[in-house]
Amino acid sequence: MSKKAFITGVTGQDGSYLADFLLSKDYQVYGMVRRTSTPILERLTNILSNPNFHLVNGDLADSSSLIRLLNEIKPDEIYNLAAQSFVQTSWEEPILTGDYTALGVTRMLEAMRLCCPQAKFYQASSSEMFGKVLQTPQTEKTPFYPRSPYGVAKAYGHFITVNYRESYNLFACSGILFNHESPRRGLEFVTRKIAHQVAEVKLGLREKVELGNLEAKRDWGYAKDYVQAMWLILQQDKPDDYVIATGETHTVGEFLQAAFAHVGIEDWQTYFQHNPAFDRPAEVDLLIGDASKAKQVLNWQPSVTFSDLVKIMVDAEMAILQNQAKVADF
Ligand code: NAP
Ligand code: GDD
């Protein structure tokens with residue numbers, strides 16, 4: 001019989017790729033969506049008519065909805081990907097961020113403990129927890145020093161997952177994922193923003209790309225690789241936590257330069273404008289992960305290089321702008 005997977009955050013970048021991946025493995029996939037005045041399902045257009053894919057209604061802020069769903073579905077695997085995931089917004093909405101991104105994890109874990117304690121649980125932890133890094137590269141043992149309300153909330157979500165594993169013997173795991181990107185990334189995140197605005201400059205639709213801090217360094221991978229790691233984490237005999245990263249770091253400026261170079265523009269400074277509105281109250285200057293444990297235990301490694309990622313993203317934006325293509329086609 002097919003396994004059943006329950007995904008929160010299915011409308012997001014990772015949730016939509018994870019749903020594609022699990023459907024290709026013959027899972028019955030239940031994707032939780034929250035009520036919005038206009039449904040935003042554009043990342044799911046390629047699977048909405050798949051009979052093995054089921055949209056169900058619930059919200060991380062509402063325990064009763066989580067308990068109702070887990071009682072009805074009794075999933076084998078739970079992937080908790082829903083969160084207020086944009087770091088900048090976490091300063092503007094710190095309480096909401098704490099409610100969804102921190103307490104939401106406890107609500108999910110409690111629902112699982114009450115309704116389906118035999119299920120396996122994946123928590124979407126983040127390299128943002130390392131913040132002002134205390135060790136380089138960062139591993140599963142590096143202490144956390146979060147630098148944003150989002151990072152603080154993720155650290156809570158991480159530790160409550162560890163705590164439920166140890167308190168109740170649940171199969172509860174965390175993937176500490178470094179930044180991962182794709183054409184399905186939200187337009188507010190820096191890689192998609194750069195890819196989109198560089199494509200607009202190339203096509204004569206915009207004069208300059210407007211960004212904040214170009215000096216921050218990130219370990220950027222490809223989202224499709226990273227959802228496979230989530231699944232692998234839940235296929236192990238024992239629950240554990242894993243860093244998922246490429247082991248390579250680049251500045252935002254390098255991403256920008258590479259994106260311009262890909263469309264044949266070498267004098268990128270001519271087309272760049274600093275906008276202080278995109279600077280952050282506290283910055284995470286350097287992230288670079290050591291995914292040795294994932295490589296050794298999960299046999300996982302990334303397949304897409306930094307320069308390939310830049311090309312994938314810029315080509316997708318050029319295609320969208322030129323052909324009005326749908327994001328979910330990529
Ligand atoms: P994303 O594209 O922003 O998706 C976030 C998802 O959460 C959306 O489906 C959103 O639904 C849902 N959501 C937000 N609040 C909710 C609530 N109260 N109840 C139910 N659903 C809610 O994020 P992503 O990039 O796919 O990331 C997935 C997860 O991994 C997040 O937890 C993120 O913090 C974490 N993470 C991401 C990265 C990365 O580089 N992408 C790295 C480390 C960790 P709507 O569509 O309705 O808004
Ligand atoms: N978004 C954005 N917009 N970031 C900018 C801009 C801009 O105009 N200009 C410079 N940046 C810098 C930010 O200051 C940050 O240092 C870096 O670009 C990356 O920003 P984001 O793409 O917004 O990602 P993030 O690193 O803050 O957070 C992402 O990765 C985390 C994992 O480390 C998100 O996906 C989080 O949900 C995730 O946990």
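Select Glu200 and Arg206. In this predicted model, the two form a salt bridge, with their closest N and O atoms 2.7 Å apart. Glu200 has 14% relative accessibility and counts as buried. Arg206, with a relative accessible area of 30%, is partly exposed. The cut-off for buried is under 20%, so Glu200 at 14% falls inside it.

How many salt bridges does the structure hold? There are 10. Two others are worth a stop.

**Next stop: Arg184 and Asp20.** Show both side chains. The closest N and O atoms of this salt bridge are 3.1 Å apart. Why does this pair tie together separate parts of the chain? Arg184 sits in the loop between strand S7 (180-181) and helix H6 (190-202), while Asp20 belongs to helix H1 (residues 13-24), so the bridge links parts that are 164 residues apart in sequence. Stay on Arg184 for a moment. Is Arg184 buried or exposed? Its relative accessibility is 1%, so Arg184 counts as buried.

**Then: helix H4.** Select residues 94-115 to show helix H4. Pick out Arg113 and Glu110, which form a salt bridge with closest N and O atoms 2.8 Å apart. Both lie in H4, three residues apart, or about one turn of the helix. Arg113 is partly exposed at 29% relative accessibility. Glu110 is also partly exposed, at 22%.

**Last stop: ligand 1.** Display ligand 1 with its surroundings. The shell holds 24 residues, and the closest are Thr11, Asp14, Arg34, Ser85 and Tyr150. Colour the shell by residue class: 10 are nonpolar, nine polar and five charged.

Go through the oxygen contacts of the ligand.

- Lys154: a polar side-chain atom is 2.9 Å from an oxygen atom of ligand 1.
- Leu81: a backbone N or O atom lies 2.9 Å from an oxygen atom of ligand 1.
- Gln13: a polar backbone atom is 3.0 Å from an oxygen atom of ligand 1.

Taken alone, ligand 1 exposes 910 Å², and the protein buries 89% of that.

Which elements each supply at least two residues of the shell? Select H1, strand S5 (120-126) and helix H5 (149-168). S5 gives the most, with three residues.

Conventions: Residues are numbered from 1 along each chain as its sequence is written. Chains are lettered from A and ligands numbered from 1 in the order in which they are written. This is a predicted model: local features need pLDDT of at least 70, side-chain atom pairs count only at pLDDT 80 or more; totals for chains, interfaces and linings use all residues. Side-chain values use heavy atoms; hydrogens and water are left out. A salt bridge is a side-chain nitrogen of Lys or Arg within 4 Å of a carboxyl oxygen of Asp or Glu. Helices (H or I, at least four residues) and strands (E, at least two) are DSSP runs, numbered from the N terminus. Buried means under 20% relative accessible area, exposed over 50%, partly exposed in between (1.4 Å probe, protein chains only). A residue is near a molecule or strand if one of its heavy atoms lies within 4 Å of it. A polar contact is a pair of N or O atoms within 3.5 Å; within protein, one must be able to donate a hydrogen and the other to accept it, and residues adjacent in sequence count only if both atoms are side-chain atoms. Accessible areas come from the Shrake-Rupley method with a 1.4 Å probe; for residues, only the protein chains shown count as cover. Ala, Val, Leu, Ile, Met, Phe, Trp, Tyr, Cys and Pro count as nonpolar, Asp, Glu, Lys and Arg as charged, and the others, Gly among them, as polar.
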